[in-house]
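Hi there,

Here is the structure I promised to pass on.

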Amino acid sequence: MTTQPLAARMRPQSLDQIVGQDHLTFEGSPLQLLTTGDGGASVLLYGPPGCGKTTIASVIAKTTNRKFVELSATSAGVADVRKVLAAAEKDRAEGVSTLLFLDEIHRFSKAQQDVFLPAVETGLISLIGATTENPSFSVIAALVSRSILLVLRPVEKDDIVVLLQRALRDDPELADKVTAEVEVLEILADLSSGDVRQALSRLETAAATAVASGASSITVETVEQTTGAAIQRYDRQGDQHYDIISAFIKSMRGSDPQGAIHWLARMIEAGEDPRFIARRLVVHASEDVGMADPTVLPIAVAAASAVQLIGMPEARINLAQATIAIATAPKSPGVIAAIDSALADVRKGRTGSVPMHLRDAHYPGAKALGHGQGYLFPHDFPHGIVAQQYLPDEMLGTEYYSPTDNGFEATVGHRMSAIARTTHQGA
């Protein structure tokens with residue numbers, strides 16, 4: 001029986017076996033050229049844990065015709081790097097080039113990273129640096145500018161399921177001993193949050209638990225036993241998905257932060273795509289709050305940005321803040337009512353021509369056509385307000401936006417009334 005963990009046993013042997021990173025492993029890519037020895041550029045691999053950075057390095061080590069040296073910044077120091085560079089000098093004299101893989105490169109200080117510059121600059125080595133932190137902040141600018149930055153993505157759920165199926169079929173420790181339904185593998189994939197290593201480790205543990213209990217298949221109950229937590233019955237394509245997101249939205253609309261946070265937690269724990277949650281927050285910041293509290297939309301957009309910038313699990317805090325902001329804000333449907341009402345008119349053909357004084361008068365010949373004639377520049381008048389027609393003739397008198405008395409929208413309503421009085425007096 002092997003002592004190697006499943007993740008190590010299932011490590012790909014070639015680039016075409018790597019899943020989830022097709023944007024980096026195509027024919028002619030910098031990575032493919034490194035494996036064939038046709039590329040001499042240095043590369044920085046940036047991505048979350050378990051997305052394939054070390055796997056890519058191991059594939060290159062097996063296929064390159066160059067001398068491959070592997071170091072980890074968690075245990076190696078500058079002295080170790082200098083030994084590699086000295087050996088590379090000797091090897092180059094004999095016609096052998098060196099490819100150095102440095103894992104966790106961000107753990108080297110900026111001063112330590114300086115040691116690579118002359119070697120990379122002169123082509124003494126090709127450097128592959130792997131990092132989970134943004135190289136723009138964790139790697140010195142001079143090294144970044146001399147390297148190709150390749151961004152790895154979290155592996156998608158479907159790709160992880162394929163890998164888990166492959167492990168159950170091909171791994172000698174698991175094949176013909178234990179099985180699992182696709183639904184169970186999807187749960188394991190969701191729990192791994194895009195980390196292939198974690199998914200394979202969870203599968204190995206669940207398989208060992210099943211076999212120890214005399215079972216021949218991994219079930220949801222088996223996964224619950226090995227994770228120590230109840231598995232949420234949540235299908236991102238089915239009823240649970242739509243019912244829970246509906247409850248989440250209605251709780252925010254109903255100004256109940258307790259209910260909204262509960263449903264948010266249910267979605268997060270079940271592995272819902274945080275980008276989907278963020279999109280709903282951005283939508284409802286305008287649909288249900290709108291001008292009643294205009295500060296809520298920037299909060300929701302910031303939460304969506306945080307999901308992209310820092311990812312989960314940290315971004316759960318940003319999602320929670322936006323959820324609470326929307327739930328506790330004064331509410332108004334005025335914004336969505338305005339745009340939907342206007343769209344309905346446009347779709348019915350209730351439009352009309354642009355009034356002559358509003359037409360573009362910047363191009364040659366426009367003035368001869370009467371474009372822009374009679375336009376009153378608002379900033380030439382007190383308070384930046386002047387009475388003039390802005391709707392087409394056919395739509396005069398139409399009101400799309402009607403502010404409520406809720407929150408800041410009451411102020412907006414007073415402002416609109418003051419504008420109406422001013423323009424009426426000046427008409």
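Below is what I found, going from the whole chain down to single side chains.

Please keep in mind that this is a predicted model.

**The chain as a whole**

The chain holds 20 helices and seven strands. Its radius of gyration is 30 Å, whereas a compact globule of 427 residues would have one near 22 Å. Along the principal axes, the C-alpha atoms fill a box of roughly 90 × 60 × 40 Å. Buried residues make up 42% of the 427 in the chain. If you look at contacts between residues at least 6 apart in sequence, 71% of them join residues at least 24 apart. The accessible surface is about 22,400 Å², and carbon and sulfur atoms account for 54% of that.

**Salt bridges**

Start with R146 and E121, whose side chains meet at 2.3 Å, N to O. This pair links distant parts of the chain, 25 residues apart: E121 belongs to helix α7 (residues 117–122), while R146 is in the loop between α9 (141–145) and β5 (147–151). R146 has a relative accessible area of 37%, so it counts as partly exposed.

Next come R253 and E287, which form a salt bridge at 3.5 Å, N to O. They too link distant parts of the chain, with R253 in helix α14 (residues 239–253) and E287 in helix α16 (residues 274–289), 34 residues apart. R253 is partly exposed because its relative accessibility is 37%, and E287 is partly exposed with 21%.

Then there is D273, which pairs with R275; their closest N and O atoms are 2.9 Å apart. Is D273 buried or exposed? D273 counts as buried, because its relative accessibility is 18% and the cut-off for buried is under 20%.

Finally, R9, D171 and E204 are linked in a network of salt bridges.

Which residues make the nonpolar surface patch of about 320 Å²? They are Y375, F377 and Y390. F377 sits in the loop between α19 (334–347) and α20 (408–426). With 41% relative accessibility, F377 counts as partly exposed.

Happy to go through any of this with you.

Best wishes

How values were computed. Residues are numbered from 1 along each chain as its sequence is written. This is a predicted model: local features need pLDDT of at least 70, side-chain atom pairs count only at pLDDT 80 or more; totals for chains, interfaces and linings use all residues. Side-chain values use heavy atoms; hydrogens and water are left out. Patches are made of residues with over 30% relative accessible area and no salt bridge: like charges are joined within 9 Å, nonpolar side chains (Val, Leu, Ile, Met, Phe, Trp, Tyr) within 5 Å. Accessible areas come from the Shrake-Rupley method with a 1.4 Å probe; for residues, only the protein chains shown count as cover. A salt bridge is a side-chain nitrogen of Lys or Arg within 4 Å of a carboxyl oxygen of Asp or Glu. Helices (H or I, at least four residues) and strands (E, at least two) are DSSP runs, numbered from the N terminus. Buried means under 20% relative accessible area, exposed over 50%, partly exposed in between (1.4 Å probe, protein chains only). The radius of gyration is taken over C-alpha atoms; the globule rule is 2.2 Å times the number of residues to the power 0.38. Contact means heavy atoms within 4.5 Å.
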